[in-house]
Amino acid sequence: MSALNFPVLGNPTNDFTIPTLIIGNKNYSTWSLRAWLMLHGFGVNFKEMPIKLFHPSNQTTLQTFTPLGKVPVLLHGDKTVWDSMAIALYAEKYLITGNVWGNNPALAMSLISEMHTGFNALRSQMPMNIKARRKISPTADCLQDLERFEAIVQTCYQRVGQSKGYLLGEFSIVDVFYAPVIFRLKTYASYSGIALSESTMAYIATVLNHESVKLWQEQAVAETDFVIEDEAGDEITDLGND
């Protein structure tokens with residue numbers, strides 16, 4: 001996998017025979033993470049086109065490829081696919097060989113749809129910010145979202161066992177869609193007095209140990225862009241042994 005520099009983004013002569021994924025900042029962009037992890041985590045050979053979130057010129061540039069002007073966008077041959085759910089389903093059908101649904105496809109479809117449309121308070125109050133460690137005061141709605149996430153982890157572990165650590169046995173599309181929650185919890189939970197169950201902590205450790213997740217995190221930490229819109233809460237400067 002290779003990265004293309006931003007100026008080529010609007011070049012209509014690009015050859016997209018190799019799938020090319022337009023993504024935002026890795027430190028902040030949850031939907032970019034989902035699309036990227038769907039491809040990288042399942043061994044798809046693809047290129048990246050990184051852009052900076054909220055940069056004034058990027059809205060027009062993105063609209064070259066999608067009417068929404070948002071990341072992520074997948075370019076493949078003469079096809080353009082936007083929205084992380086659409087990209088994941090397209091990749092499953094046309095780019096990935098093997099099973100992405102774990103050992104319970106019906107449950108997987110339900111869980112990724114729930115994440116795609118729900119958890120709004122968690123998204124709002126705990127924006128992904130991989131490099132940061134922050135303290136927030138979560139509302140009841142946010143805590144309810146976290147309670148639901150923990151219930152999902154517990155239910156999946158009860159159904160399929162915890163031996164491999166992922167929600168549906170092997171690494172699956174469900175882990176792809178819930179990966180940003182893992183980074184959110186790492187950033188905010190312990191510094192905000194949010195206690196997590198042993199099952200949730202085990203799941204966090206499993207996801208963070210996935211090779212693709214580790215690569216994304218490494219690249220996110222190396223970024224220098226600062227997006228004020230995603231800097232929630234109070235910064236923790238004394239990280240101890242974190």
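Which helix gives the most to the lining of the largest pocket? H2 does, with three residues. The points below take this pocket and then the rest of the fold.

1. **Basis.** This is a predicted model, in which local features need pLDDT of at least 70, side-chain atom pairs count only at pLDDT 80 or more, and totals for chains, interfaces and linings use all residues. Residues are numbered from 1 along each chain as its sequence is written, and side-chain values use heavy atoms, with hydrogens and water left out.

2. **The largest pocket.** Its volume is about 700 Å³. A pocket here is an open set of points on a 1 Å grid over the protein atoms alone, where a 1.4 Å probe fits, with protein on both sides within 12 Å along at least five of seven lines. Grid points are joined across faces, edges and corners, and the volume is the space filled by probe spheres set on the points.

3. **Its lining.** Lining residues have an atom within 4 Å of a point. There are 27 of them, and the closest to the centre are Ser 29, Trp 31, Leu 53, Lys 70 and Val 71. By class, 12 are nonpolar, nine polar and six charged. Nonpolar covers Ala, Val, Leu, Ile, Met, Phe, Trp, Tyr, Cys and Pro; charged covers Asp, Glu, Lys and Arg; the others, Gly among them, are polar.

4. **Where the pocket sits.** Helix H1 (30-41) and helix H2 (58-62) each supply at least two lining residues. Helices are DSSP runs of H or I with at least four residues, strands are runs of E with at least two, and both are numbered from the N terminus. Domain 1 (20-95) and domain 2 (105-229) both contribute to the lining, so the pocket lies between them. The domain bounds come from an automatic or database domain assignment.

5. **A cis bond.** The peptide bond between Val 71 and Pro 72 is cis, with omega about 0 degrees. Pro 72 is in the loop between H2 and S4. Val 71 is also among the residues closest to the pocket centre.

6. Strand S4 (residues 73-76) and strand S5 (residues 79-82) pair in the antiparallel sense over four bridges. Two strands count as paired if DSSP finds at least two bridges between them. His 76 stands opposite Lys 79 in S5. Two residues separate the strands, and Gly 77 takes a positive phi near 60 degrees.

7. **Strand S2.** Is S2 covered on one face or on both? Both faces of S2 (residues 20-23) are covered, with Thr 20 and Ile 22 buried on one side and Leu 21 and Ile 23 buried on the other. In a regular strand the side chains alternate between the two faces of the sheet. S2 runs parallel to strand S3 (residues 47-50), joined by four bridges. Thr 20 has Lys 47 as its bridge partner in S3.

8. **Leu 75.** This residue is in strand S4. Leu 75 is buried, with a relative accessible area of 1%. Buried means under 20%, exposed over 50%, and partly exposed in between (1.4 Å probe, protein chains only). Leu 75 and Ile 22 are 53 residues apart in sequence, yet 8.0 Å apart in space, C-alpha to C-alpha.

9. **The largest nonpolar core.** The core has 66 residues, and Ile 173 and Tyr 178 have the most contacts inside it. Helix H7 (residues 173-188) gives the most to this core, with 11 residues. At least three core residues come from each of domain 1 (20-95) and domain 2 (105-229). A nonpolar core is a set of buried Ala, Val, Leu, Ile, Met, Phe, Trp, Tyr and Cys residues joined through side-chain atoms within 4.5 Å.

10. **Two positive phi values.** Most residues other than glycine have a negative phi, and most peptide bonds are trans. Asp 83 has a positive phi near 80 degrees. Asp 83 is in the loop between S5 and helix H3 (84-94), and is partly exposed at 32% relative accessible area. Phe 119 has a positive phi of about 55 degrees. Phe 119 is in the loop between helix H4 (105-117) and helix H5 (120-125), and is buried at 6% relative accessibility.

11. **Two helix residues.** Met 38 lies in helix H1 and is buried, with a relative accessible area of 0%. Ala 151 is in helix H6 (residues 140-160) and is partly exposed, at 29%.
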